[in-house]
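Please look at the sequence and the structure first.

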Amino acid sequence: MKFIEHSLRYTWQSVSKMHNEEAKKYGGTLAHAQALLNLDPNQGIPSTSLGPKMGMESTSLSRTLKSMEQLNLINRVANPKDRRSVLIKLTEKGKDLRNLAKKNGLRFNKVVYENIGKEDIDTFLSVMKKINKMIKKKKIY
């Protein structure tokens, strides 16, 4: 029997390293790219919605947003619908880098599909979905 977690972790670390090396060319990180892709380019997003959407803990998200603000990728503005919350909005530079991150993500998908094939990708995604269901239903621990 092979260890599934090792393959998942090893592959994710490889993907993460590849994306971080590419993002570094533009002064960013994979976390920046993920945040940029989860922000609505026109409306922004309430800061309280971004963490759960990305699956990121609040302390990590705070650090990521702070560095994105310092890089002039985002602005924090008062939410006009709820003055108690803050909207995270993209700057023009942030929109440009969001487009680049999207382009790179699409390139990754295209190359993977071309080299692996739709059927194997569909099987892989189905297996990932089943593993996530088992975890959420606490069928493992």
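Predicted model: local features only at pLDDT ≥ 70, side-chain atom pairs only at ≥ 80, totals over all residues.

Residues are numbered from 1 along each chain as its sequence is written, and side-chain values use heavy atoms, with hydrogens and water left out.

**Overall layout**

- The chain has 6 helices and 3 strands, where helices (H or I, at least four residues) and strands (E, at least two) are DSSP runs numbered from the N terminus.
- Along the sequence, these elements follow the pattern α-α-β-α-α-β-β-α-α.
- Taken along the principal axes, the box filled by the C-alpha atoms is roughly 55 × 35 × 25 Å.

**Helix α2 with helix α4**

- Helix α2 (residues 30-38) and helix α4 (residues 58-70) have axes that come within 10 Å and cross at roughly 85°; axes are lines fitted to C-alpha atoms, for helices over the stretch in contact, and angles run from 0 to 180 degrees between N-to-C directions.
- The two helices, α2 and α4, are therefore roughly perpendicular to each other (angles under 35 degrees count as roughly parallel, over 145 as roughly antiparallel, 65 to 115 as roughly perpendicular and the rest as oblique).
- On the α2 side the contact (heavy atoms within 4.5 Å) is made by Ala31, His32, Ala35 and Leu36, and on the α4 side by Thr64, Ser67 and Met68.
- This contact of α2 with α4 has 4 nonpolar, 3 polar and no charged residues; Ala, Val, Leu, Ile, Met, Phe, Trp, Tyr, Cys and Pro count as nonpolar, Asp, Glu, Lys and Arg as charged, and the others, Gly among them, as polar.

**Helix α2 with helix α3**

- The axes of α2 and helix α3 (residues 47-54) also come within 10 Å, and they cross at roughly 115°.
- Ala31, Gln34, Ala35 and Asn38 of α2 meet Leu50, Lys53 and Met54 of α3 in this contact.
- By class, the contact of α2 with α3 has 4 nonpolar, 2 polar and 1 charged residues.

**Pockets**

- A pocket is an open set of points on a 1 Å grid over the protein atoms alone, where a 1.4 Å probe fits, with protein on both sides within 12 Å along at least five of seven lines; lining residues have an atom within 4 Å of a point.
- The largest pocket holds about 1,400 Å³ of space, a volume being the space filled by probe spheres set on the points, which are joined across faces, edges and corners.
- Trp12, Val15, Met18, His19 and Phe108 are the closest to its centre among the 47 residues lining the largest pocket.
- α5 gives the most to the lining of the largest pocket, with 15 residues.
- The lining of the largest pocket has 29 nonpolar, 11 polar and 7 charged residues.
- The second largest pocket has a volume of about 350 Å³ and is lined by 13 residues, with Ile4, Glu5, Leu8, Ile131 and Ile135 nearest its centre.
- α6 gives the most to the lining of the second largest pocket, with 5 residues.
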